[in-house]
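Below is a short note for a colleague who has not seen this structure before.

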Amino acid sequence: MVSGNETVTGLQFVLLILCFIIKGECFPNSDAVLMNCLESDREALLDFKNGLHDPENRLSSWKGSNCCPWWGISCENSTGAVIGVDLHNPYPQDAGFSGTIPPRLGSLSNLQYLDVNIDPSLSVDLQWSLVVDDLEWIMGIKYTHERIIVIFSSFGGYLVDLEGRHASSSKSQCGIRENRLSSCKGRNCCQWRGISCENRSGAVTAVDLHNPYAQDADASSRYGFWNLSGEIRPSLTKLKSLRYLDLSFNSFGVTIPEFFGSLENLQYLNLSGAGFWDTIPPSLGNLSSLHYLDLKYSWGLYVENLEWLKGLVSPKHLSMSGVDLSMAGSDWIEALNKLPSLTELDLSSCLLSGSIPPLTFLNLTSLSVVDLSFNGFKSKIPDWFVNISSLISVDLSYPGFYGRIPLGFSELPNLQLLNLAGNKNLTASCYQLFNGKWDKIQVLDLSGDRLHGKLLASFGNMTSLTHIDLVLNNVEGGIPSSIGKLCNLEFFLVSGNNLTGTLPGFLEGKENCPFQSPLPSLKYLDLPASQLVANLPEWLGQLENLVELNLYNNSLNGTLPESLGNLSELSLLDVSSNHLTGILTGTNFLKYGKLKHLFLSSNSFILNVSSNWVPLFQVQDLDMGSCHIGPSFPAWLRTQKQVTFLDFSNASTSGTIPTWFWDISFNLTSLNVFFNQLEGQLPSPLKLAISAEADFSSNLLDGPMPMPLPNGEIELVDLSNNKFSGHIPQNIGDYPPPHFNKQRVIWIDGDIPASLGKLLYVQAIDLSDNNLSGSIPPSIGDCSYLMALDIRGLSNLSSLQVLDLAENQFNGSIPGSFGDLKAMTQVQNTQRYMFFGTFGGSYYEDYMDVNTKGQLLRYTKTLSLVISLDLSGNNLSGTLPGEVTTLLGLVVLNLSRNHISGHIPESISKLKQLSSPDLSSNRLSGGIPKSLASLSFLGYLNLSNNDVSGRIPYTDHMTTFDASSFAGNLGLCGTPPAVKCPGDGDDDSHEEGTNANENSGSGESLIDRWFYLSVGLGFAAGILVPCFILAVRKSWSDAYFGFIDDFVERRWFEI
């Protein structure tokens, strides 16, 4: 076809004429040229043209009385009716049509083909900007042949099939992304994507529009391409032969249409994860031919009852996982029991609750797969389960069952999977449970239940077993050697039990396994947190397919077998927290090319490798804490480019940290080099990953204190017990605050910068044992989350329990705002761990060395109960403010070695929790308040080296303190230190008082003797008198012991 603006050469013209004469079919409308088109069609096309903007004048041929020769128009040979309009843009780089498609186009009653698409072979953006107000005008086109195709690529590709107009309504109302249904064009719908037809009649039998990438986490873009949404039109019911409908994993966001119940021949219906919501229409019960109904992952669906299920004559598969069945009550099982043909049932996460009633007559005799997991039952496992011999897979995990596990499960001849995990009140004896047949069992998950007893030799009879999970039970004893018979076993998970004894030295039955190898299929051996002892057996090194070996936190001893280095598939090796010893060389890691996680800490290993050793592995987690890997920094670590967790604390490593280490440290999210002898300076800022955790404490590091990354958050930094020097950076507050920044550093001097108050979320800062001086900035009061430290402006520090500013050079008076420390004004009775951030995958447990009772005591687990105020060893002066006595929860008060003057306030008796007050080496004067004796928790008192005078109130708890508590106060008198006060009597009166005390003590001693004598006589009488009576009266004796025997027998058989 030649458009109006194209030039035709002479040769082209001749060829066109010859083609027309010989073939007569070179043009779609070649025969129609001889016919005049219908006037109504011509007017409709002219109206269509007038609504378009045609910048390239492509419709210049649209003039004259006969529309059949117009560009893009095809007519029917005999009548002249317009049957085709092809205005697709063959040159999408040029401007295309724009404007509005008028409804009058619907008067083209014989139209079979309308295409305003661009060339589908060109991957360019659409150049059209046509507007369609609605598609109702399409319904005016009368159908004379097979079907009409309307293609608007710029609208997602709308399909119109006038064979009942069912497909038109469906596709035109779906929100098609990326033109997923672009294949829906042409006259044969049986060739369209997702459509299947019957061979003879051509009737549509299947519509499969499921999203194949819905569960692909790495294919979100593909999910968007295949996703459908929008309204589903009733015209779908015109597909009378439809037997298969799959709309799963789309996002329609509408209710399930009622008319689905009219698809009377439907056998397969899958609406899982398709975004349907609201109630499930009972009309689905009209689908008497339905065999497969899948509604899983439809979290917005619910039912009021399941009575509609009885209309399903012969369903085989019913999946309603995630559907809310809570309103169905306990009748759900009765409704299902009316479906004898049911083979697969999935009601997981359906909010079912209560008990499962017994069935008087069991119809579910064909059931092979049942899943009732993640519900809220409070029921025993019904006995009828073990009467269904066809069961292959049973999942009853986490629904709240209790009582005994029915032993009949082991007798089911076809059972391959049994999952009872997470039923913490479900019990069974290992001996009874594993002594059954278990002919075909492959997967057995009993984790989180209450299994008890030992694993006996019968455990090895489950020869089809591939997966066994006994995590978090009460299994006792050792691992039987009969596990060697389990040639197909891949997962052996038994952590969190009470296993004792040893790993078997040899394995039975391995001669029946392929190549006579021990456990040839085993991939995961998980036995952590038990009490296994003795050496590691050699057969561990023969598990050729082992991927994970976890023996963490046992009591294993001996050495690490060199044969473990041959496990080429190993990805995780964890033998940490045992008593293993020995020298590890490169042979121990010979074939670890796939190793990603290596945990050797808390043993006594010595790593002996050459300085140029290059490991075959590239680990992500490397934990060698408490292993001897020194004396120098490990050079082989330079090869580990992927490590994110690194721990070689207490590893006898010395020297400086090499510069190359900071080239790989950017990947580190956790670094622990605690308790080594590392020297030199740390880079500032620290070169660690965002949200990293780092512990550099207890080394010999020096130089200025390093800072975290300026643009990243450091979760934890511990720099304590090193030799850092210099000033605290004035801009420290400009760095993102770590959740816990423990800065107990030696010889830091200078002022505390005001910018410290910008660390709004810091929880603990320890600056004790330094040479800090000057004033304390009030801005620290803005640190409202601070739990350990502050100084002035403390009213916002509502969480602070421990304030330790000891051994610095602070001066001035104690601020009265200390009385605003809210956490100290309350008695702490709840014990909780004080965690700050995380470290090593678990919460970092803080500790605090509190100067209490004259010595440093380290608090960890009970730190939350300690409320301490320690300002000792400074240059503080002034009086002791009365506000301190409002801190009613105070346990430790240490103001020693300052210059505090004035009287000890009488209100100190309000501190009922006070256990250790130390006010020594100050300039306190006046008398000792008598109310001190009323403090019932008082266990330590030091008032020495002050100017206190007067009589010592030596009563109640004050009598427990010796003269050292009051030494250095020349004005004190009384007992102790046995200095006579003015006005006291002579020695006789003193002796009389002493004798009186002794007499009083003698009287109390006599009372005690009579008390114990009477208790002994009563006990003897209570035992001897009944025995004497039973010995004299034989009939009474027989009756008594007969009663005891009967009682014991009844209790024994009940157990």
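1. Buried means under 20% relative accessible area, exposed means over 50%, and partly exposed lies in between, with a 1.4 Å probe and protein chains only. By that rule Phe633 and Phe661 are buried, and Trp613 and Trp636 are buried too.

2. The model is predicted: local features need pLDDT of at least 70, side-chain atom pairs count only at pLDDT 80 or more, and totals for chains, interfaces and linings use all residues. Residues are numbered from 1 along each chain as its sequence is written, and side-chain values use heavy atoms, with hydrogens and water left out.

3. Rings of Phe, Tyr and Trp (for Trp, the six-membered ring) pair if their centres lie within 6.5 Å; planes under 30 degrees apart count as stacked, over 60 as edge-to-face and the rest as tilted. The count by this rule is 25 aromatic pairs. One of them is Trp613 with Trp636, edge-to-face at 5.5 Å centre to centre and 65 degrees between the planes. This pair links distant parts of the chain, 23 residues apart: Trp613 is in the loop between strand 38 (604-607) and strand 39 (621-623), and Trp636 in the loop between strand 39 and strand 40 (645-647). Helices (H or I, at least four residues) and strands (E, at least two) are DSSP runs, numbered from the N terminus.

4. Phe633 and Phe661 have ring centres 5.4 Å apart and planes at 75 degrees, so this pair is edge-to-face. Phe633 lies in the loop between strand 39 and strand 40, while Phe661 is in helix 7 (residues 661-664), 28 residues apart.

5. Met824 sits in the loop between strand 53 (811-813) and strand 54 (835-839). Met824 counts as buried because its relative accessibility is 0%. Leaving aside neighbours within four places in sequence, its contacts (heavy atoms within 4.5 Å) include Leu800, Val802, Ile867 and Leu888.

6. Val1025, Phe1028, Ile1029, Val1032 and Trp1036 make a nonpolar surface patch of about 510 Å². Helix 8 (residues 987-1032) gives the largest share of the patch, 4 residues. Val1025 is in helix 8, and its 45% relative accessibility is why Val1025 counts as partly exposed. Patches are made of residues with over 30% relative accessible area and no salt bridge; like charges are joined within 9 Å, and nonpolar side chains (Val, Leu, Ile, Met, Phe, Trp, Tyr) within 5 Å. A salt bridge is a side-chain nitrogen of Lys or Arg within 4 Å of a carboxyl oxygen of Asp or Glu.

How values were computed. Accessible areas come from the Shrake-Rupley method with a 1.4 Å probe; for residues, only the protein chains shown count as cover.
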